Amino acid sequence: MPRHVSRGPLLWLLLVGIAVGAGAMKLQGPWLDSNLLSMLPQDPLPANARALAEQHQDRFTDRTLWLVPADNAGGAAAHGRALRAMLKQSGLFSEVGPNLDPARLQQRYQALRPYRFQLLAPRDRQRLENDPQALIDSALARVFGPFGLSGDQWRDDPLFLFEHYLQALAPFTLELEDGLPIATADGRYWALTTATVRAGGFALDRQSPLLSVTNQIQQRWPDSLVTGAPLYTAAGAHSARQEMSTVGLFSLAAVATLFLMLFGGPRPMLLALASVTTGLLCGLAATLWVFGQIHLLGLVFGAGLIGVAVDYSIHFFCQRLDQPGVAPRTLRRHLAAPLALALVSSVLGYLAMGLAAFPGLRQVAVFSAAGLSGAWLTVMLAVPALSGQAPPPPRQRLLARVGRWRRHWPAWCRHHRPVLLLVAAALIATGLWRLTPDDDVRHYQSPPAWLQAQGERIQTLLPRGDSRYFIVHGETPAQWWQREHDLAGELDALESERGALDSYRAISALWQPEGQQQALRQTLGERLYQHPRFADYLRQLGLGEAALARQQQALEDAAGNSLSLERWLAAVNDDSLRGQWGGCDRHGCTSLVQLAGLRDRDTVAALAAPDRGVYFIDRAGAVSAVLATLREHLAWLLLGAYFLSGLVLALARGPTKALRLLGVPALASVVALAALGWLQGGFGLITVLALYLLLGIGIDYAIFFSQPEKRRDAAALAVLLSAATTSLSFGLLSLSATRLVADFGLTLLLGIVAAALIAPLLAAAPRPDPQPGARP
Amino acid sequence: MKSLIACLVLLAGTAASAAELTLQQVAERLPDAPILRADFRQQQHLALLPQPLTATGDLLLASERGLLWRVRTPFESEIKLINGTLYSNGQADTLPGGEAFARRLMAVLSGDIEALKPHFRIQAREEGDQWRLDLTPRNDTLARVLSGIRLGGRQGPEFFRLDYPNGDYSVTRLSNIEYPDTLSDAEERRFAAPR
């Protein structure tokens, strides 16, 4: 090759430069997204409601919860402090707490006391309407009950209404020891700590430190418990990353070894690696550029793409092996058309996947399309010019042997056609029949057993929360309140009549608009303070006339006192209630209703009425359903992808040849699915994704085999090499402990072997031949 | 000199412990019974009132089941504490001080020293033929509403006194104490139907 600098490699360098630059610009931020939920479509929510929902979601996705036990509260608090020190020291957490002031409840009491006639617990509000005397009777029972009575509070609150209200504000108050909340269970004391993983804590480099801090803490306190989404994500990402890097490295190593052995010298190997790396870089850069982030799923798929991207190089060097006398540039010209066809048909297939309304899949589509194009461009632009002048090692015997296989294998099949067809049809039919859909989201994450066990134990120690909730939206503050209040009424009914849930927490149950606060004070005066039984009650308890006058005066004095929602939230000073209020802006007002102990999800979910601003949010629970829809969606799009690829192939080669070419991936997919059925794999979203990869790989194989006869031996070698490297790496994946990854690997392993065996069968025979046997 | 002081401290220590009972000794006197049935007379001394508030009635405490507290005078009323939920006069009601406080109270009534130890500093002593326990809350949250508890008796607790930070206090005395092995059918029904 003359020493002049050709344009191809320069263009290629430019491409790599752009990809690196674009990728690097985007890699500054949190670029890896491993939250399964984020690949799902967003719930349809009004603009300002979404912010509230996301903020609430973040409490789940960023927060970890730790419990450390001791035989007494003091010991637990001491351990809790030490644990917090370790968490802070790790630098992984932005917030470690909570530190609660024991005077907090006292302060709340003082702040709300002037408004005690306007604030009633929901149950007392009902009784005031229906049966005010019952309030007096239950106060009497309380006075003479076992709990005793302290005069100070009684004087202000003779009927214990304010006590009830404060209790309703804080139904599950954990006791404090040295500022740390302490839960008691089974005679042990558990100090509670929550720690929020620092923003962007999901970046790849933070995952393992989180697990190692957890490990240190669990070694120091073997009985301590931890839970939280970041740990699940970290553990999931950890194993996924390990598996992906194993597969990625193994694929690369296999490619490198084969290239070194077959093509002689490091140059072909380095060029193949350059092509694959360029592909991955382009895929990553394009995805980051378009989406800002890349989902773990995209990376998983990306690692799988190595096997496809290397095909172009393999093909080039196999041709070179076969025709050592032909200049690389001429080879490129020969290969340009089939490789371009292979590229365009696969890329169209992947882009079809991007039509699905799921952000995660769009990423996969963009990653694959850009990645394959990058690898292809490398082979077209740089590889021929850089492949050097040294003649390839003589591999005529190998080529001859492969050529024999290529000719004998179809002949053998033709010879035994009736038997083979029968056996294959039977095996495939039963296999497909055994295949069952599997969209269980748990198979997508297999958390370590210890983490799962600790999470379950924690649920028994702490008041149960629920990840599902309602969002309530109204265009005006009044409309919002009324809507939430109505929802609360319906929840009350479900709670008491059907036991559909244990409890809920809604702002409107604890705070009423200022006008209603005044009305309530008035009702309280009319129905209770002027009730003859109230005077009797005070008199009989010995409080005397003065007390009655004082109570009535206090009630009068409170006229005009009322609390706006903001001031009420400030007075209550409770983080979780504050987190339920989304505020008002020009779009309207939003709040969140928390649920606890949800037993009958569907009944509760049926209260949602988006036309009345009431949304039921159940992201995690909906995942399985969404995955099923997604799988169906993708399966249809896969047909679309076949159609698009078929169209391209038909335009290039005519309809009959296009059918033969498409037959390779199609038959390979059917064989893979049937084999999966026999091996009792599940047919899920990831299987369909694997079929997309198989479409690209199968078309490559088919196109290689459909070249002029003189190049077919090299093509057969290329296909066998490609099949060997890719099936090796996917074979490794099929050993994964995560069902999802294993299914993905298994489908591809089976599919690739099938495609390699089917491709020579469907290749148009060199001599005109009667139509090949009946095909399904 | 140092050793002399040490001796004195040691002597003082032994002298003090001679006048006191150990918790272990008190625990040994407590009857090991799952059920307590008794009449009570409760007097609440509030600075607010010229006269103490006096109530009489009967109570039934069954560990694992809950507490039934029936007032006969001056007004009839009934409080049931079952599974951490309070029912007053048959209606679900707010539990003053939350579930934790209710558990402490049941531990006091049954003289469950082991359950009380983590929450209170406990001093034991002897007064006549009775044991006495003085309980001071260890925990800030509780100390803000309750400054101390005293209880005592010959065998099981026969009285308990709750002291509040503002100086108010209440004393409840038990009489006709029984420790039956099982609940009567009527009592079972009272536990079974809170409402």
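A definition before anything else: pLDDT is the predictor's confidence in each residue, on a scale from 0 to 100. What you see is a predicted model, in which local features need pLDDT of at least 70 and side-chain atom pairs count only at pLDDT 80 or more, while totals for chains, interfaces and linings use all residues. Residues are numbered from 1 along each chain as its sequence is written, and chains are lettered from A and ligands numbered from 1 in the order in which they are written.

One more convention: helices (H or I, at least four residues) and strands (E, at least two) are DSSP runs, numbered from the N terminus.

Confidence, then. Chain A has a mean pLDDT of 82, with 90% of its residues at 70 or more. Where in chain A is confidence lowest, and where highest? The lowest mean, 62, belongs to strand 1 (residues 32-33) of chain A, and the highest, 94, to helix 20 (residues 507-510) of chain A. Residues 201-206 of chain A stay under 50, and the model has 13 contacts for them beyond four places in sequence. Residues 767-776 of chain A are also below 50, with 3 contacts beyond near neighbours in sequence. By contact I mean two residues whose C-beta atoms, placed from the backbone, lie within 7 Å. Where pLDDT is low, the predicted coordinates should not be read in detail.

Next, the sheet in chain B. It is an open sheet of 11 strands in the order 6-5-4-3-2-1-11-10-9-8-7, with antiparallel pairing. Why do strand 6 and strand 7 of chain B each have one side without a neighbour in the sheet? Strand 6 (91-93) and strand 7 (120-127) stand at the edges, so each has a single partner strand. Neighbouring strands of the sheet are turned by 20° against each other on average, direction ignored. Pairing here requires that DSSP finds at least two bridges between two strands.

Some of the pairs in detail. Strand 2 and strand 3 (residues 66-73) of chain B run antiparallel and are joined by 7 bridges; B:Gly57 stands opposite B:Val71 in strand 3. These two strands form a hairpin with 3 residues between them, and in the turn B:Glu64 has a positive phi of about 80°.

Strand 3 of chain B is also joined to strand 4 of chain B, by 6 bridges and again antiparallel. Here B:Leu67 has B:Leu81 in strand 4 as its bridge partner. A hairpin connects strand 3 and strand 4 of chain B through 3 residues. In the loop between those strands lies B:Pro74, and the peptide bond from B:Thr73 to B:Pro74 is cis, with omega near 0°.

Further along, 5 bridges join strand 10 (residues 159-163) of chain B to the antiparallel strand 11 (residues 169-178) of chain B. Within that pair, B:Phe160 stands opposite B:Thr172 in strand 11.

Last, a helix pair in chain A. Helix 30 (residues 712-733) and helix 31 (residues 739-762) of chain A pack at about 165°, their axes 8 Å apart. They are therefore roughly antiparallel to each other. The residues of this contact divide into 17 nonpolar, 4 polar and no charged. As for the cut-offs, angles under 35 degrees count as roughly parallel, over 145 as roughly antiparallel, 65 to 115 as roughly perpendicular and the rest as oblique.

Definitions and conventions
Axes fitted to C-alpha atoms, helices over the stretch in contact; angles between N-to-C directions. Nonpolar A, V, L, I, M, F, W, Y, C, P; charged D, E, K, R; others polar.
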